[in-house]
Amino acid sequence: MSETKARLMQGNEAVAEGAIAAGVTFFAGYPITPSTEIAEQMAKLLPKIGGTFLQMEDEIGAMGAILGASLAGAKVMDATSGPGFSLKQELIGYAACAEIPCVVVNVQRVGPSTGQPTAPAQGDVMQARWGTHGDHPIIALSPWSVRESFDLAVLSVNYAERFRTPVILLTDEIVGHLRENVTLPTAAELDIYPRRLPQKTRAEGYQPYAVGEDLVPDVARFGDGYRIHVTGLLHDETGFPSGSPVVTEQLIHRLHEKINRVGEEIIHTEEAFMEDAEYAVVSYGGTARTAYEAVRAARANGIKVGFLRLKTIWPFADAAVGRLANRVRSILVAELNYGQLVGEVTRAAHGTPVRPCLKYNMLDFTPQEITAAIRQMSEEVRA
């Protein structure tokens with residue numbers, strides 16, 4: 001982090017660098033294509049800063065290990081793909097209920113099941129939001145470049161610590177294995193959110209799940225002398241289970257509200273070519289790179305089309321999509337799956353026509369394919 005010169009770096013390597021820069025000192029994982037380079041890089045970097053790397057026996061064990069380390073006070077991360085992400089869902093739900101900060105990187109590949117391990121896809125979008133059972137909030141971020149893989153890794157750790165919640169860094173094989181020249185920021189240029197520590201002693205009446213104005217508890221670290229009970233059962237301020245309907249309702253509402261109340265602050269999007277746009281393309285992750293080039297080509301051929309990229313996938317960018325829908329006649333959603341985020345865009349567009357541009361044959365898009373879909377959209381709208 002002391003160097004500012006340009007470096008040739010892979011997206012997965014940048015994720016590891018960003019996690020270290022954000023203060024991650026513990027990584028547990030299990031090798032799985034196409035995320036394994038993250039584990040390899042963490043195995044190299046963590047010992048140099050006094051951190052710990054563990055290769056576990058499976059993906060479930062890795063998730064349990066990072067939750068234990070987080071409760072002991074470490075900033076933590078795990079990385080996986082497809083089937084491994086499925087195996088982690090129960091403990092992601094546990095982390096959401098027990099409010100254990102952690103980052104889980106999912107470098108998406110083709111599924112279902114073992115699918116095509118080396119091929120790009122974006123089929124885990126809905127699983128990132130709804131993979132674990134029950135009502136729970138989630139934050140998921142999606143980078144489109146190597147540098148942004150670093151930046152969003154930092155942001156993921158910050159959000160996990162700030163809101164005491166699991167955060168999903170939802171990248172894909174395209175970005176994970178992409179290599180680009182990047183110049184990383186120095187440590188002095190980064191804003192890092194610290195681990196939340198108790199404001200009261202035991203004698204002053206410390207309760208592990210008592211909250212202040214931001215609705216987020218300051219849970220003491222295991223080993224610091226506090227009495228702490230952590231459970232996946234719905235609980236009151238003491239951390240012990242409660243069978244009360246009132247406590248149940250209050251806890252579920254607070255888990256959602258601590259994230260919902262910050263609103264647009266954590267919903268990051270990026271627009272281009274929107275000044276005179278009559279149509280728009282919405283995309284995210286690696287596909288957004290191709291979509292951007294397709295939009296440029298379409299505009300060169302006289303089609304007034306704009307571009308909206310979603311960096312935050314969850315919470316969904318309802319306001320940004322709503323504003324877009326009010327400005328254009330039709331929206332195209334480009335994604336590497338059978339149709340997932342297109343439904344959310346349709347919901348948020350409030351009647352503006354939304355068309356899918358989908359691909360799910362283990363190949364990524366070419367710009368020409370998306371440009372052709374843009375052209376067809378414009379012709380049908382004018383007809």
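The C-alpha centres of domain 2 and domain 3 lie 40 Å apart. The chain is assigned domain 1 (7-182), domain 2 (202-266) and domain 3 (269-382), with bounds that come from an automatic or database domain assignment.

Some ground rules before I go on. This is a predicted model, in which local features need pLDDT of at least 70 and side-chain atom pairs count only at pLDDT 80 or more, while totals for chains, interfaces and linings use all residues. Residues are numbered from 1 along each chain as its sequence is written, and side-chain values use heavy atoms, with hydrogens and water left out.

Now the empty space. Rolling a probe the size of a water molecule over the atoms shows where empty space is left. On a 1 Å grid over the protein atoms alone, a pocket is an open set of points with protein on both sides within 12 Å along at least five of seven lines, a cavity is a set where a 1.4 Å probe fits but cannot get out, and lining residues have an atom within 4 Å of a point. Grid points are joined across faces, edges and corners, and a volume is the space filled by probe spheres set on the points.

The largest pocket holds about 350 Å³. It has 22 lining residues, and Val110, Gly111, Pro112, Gly123 and Asp124 are the closest to its centre. Two or more lining residues come from each of α4 (82-87) and β5 (102-110); helices here are DSSP runs of H or I with at least four residues, strands are runs of E with at least two, and both are numbered from the N terminus. The largest share of that lining is from α4, with 3 residues. By class there are 10 nonpolar, 9 polar and 3 charged residues, where Ala, Val, Leu, Ile, Met, Phe, Trp, Tyr, Cys and Pro count as nonpolar, Asp, Glu, Lys and Arg as charged, and the others, Gly among them, as polar. Domain 1 and domain 3 each supply at least three residues to this lining.

Gly111 and Pro112 are joined by a cis peptide bond, with omega about 5°, and Pro112 sits in the loop between β5 and β6 (116-120). Most residues other than glycine have a negative phi, and most peptide bonds are trans.

Is Asn106 buried or exposed? Asn106 counts as buried, because its relative accessibility is 0%; buried means under 20% relative accessible area, exposed over 50%, and partly exposed in between, with a 1.4 Å probe and protein chains only. Leaving aside residues up to four places away in sequence, Asn106 touches Thr80, Ser81, Gly82, Phe85, Asp124, Leu169, Leu170 and Thr171, a contact being heavy atoms within 4.5 Å.

The second largest pocket has about 240 Å³. Of its 14 lining residues, Gly93, Tyr94, Cys97, His133 and Gly232 lie nearest the centre. Helix α5 (89-98) and helix α9 (245-260) each give two or more residues, and α5 gives the most, with 5. This lining draws at least three residues from each of domain 1 and domain 2.

There is 1 cavity of 30 Å³ or more, and the largest cavity has about 30 Å³ of space. Its lining consists of Phe27, Gly29, Tyr30, Pro31, Ile32, Ser35, Thr36, Ala39 and Ala79.

On to strand β14 (residues 330-335). All 6 of its 6 residues are buried, so β14 is largely enclosed by the rest of the structure. Ser330, Leu332 and Ala334 point one way, and Ile331, Val333 and Glu335 the other. Strand β11 (residues 279-283) runs parallel to β14, joined by 4 bridges; strands pair if DSSP finds at least two bridges between them. On the β15 (residues 354-358) side, the pairing is also parallel, over 5 bridges. Val333 is the bridge partner of Val282 and stands opposite Pro356 in β15.

Arg164 has a positive phi of about 45° without being a glycine, and counts as buried at 2% relative accessibility. His350 has a positive phi of about 50°, but is exposed, with a relative accessible area of 71%.
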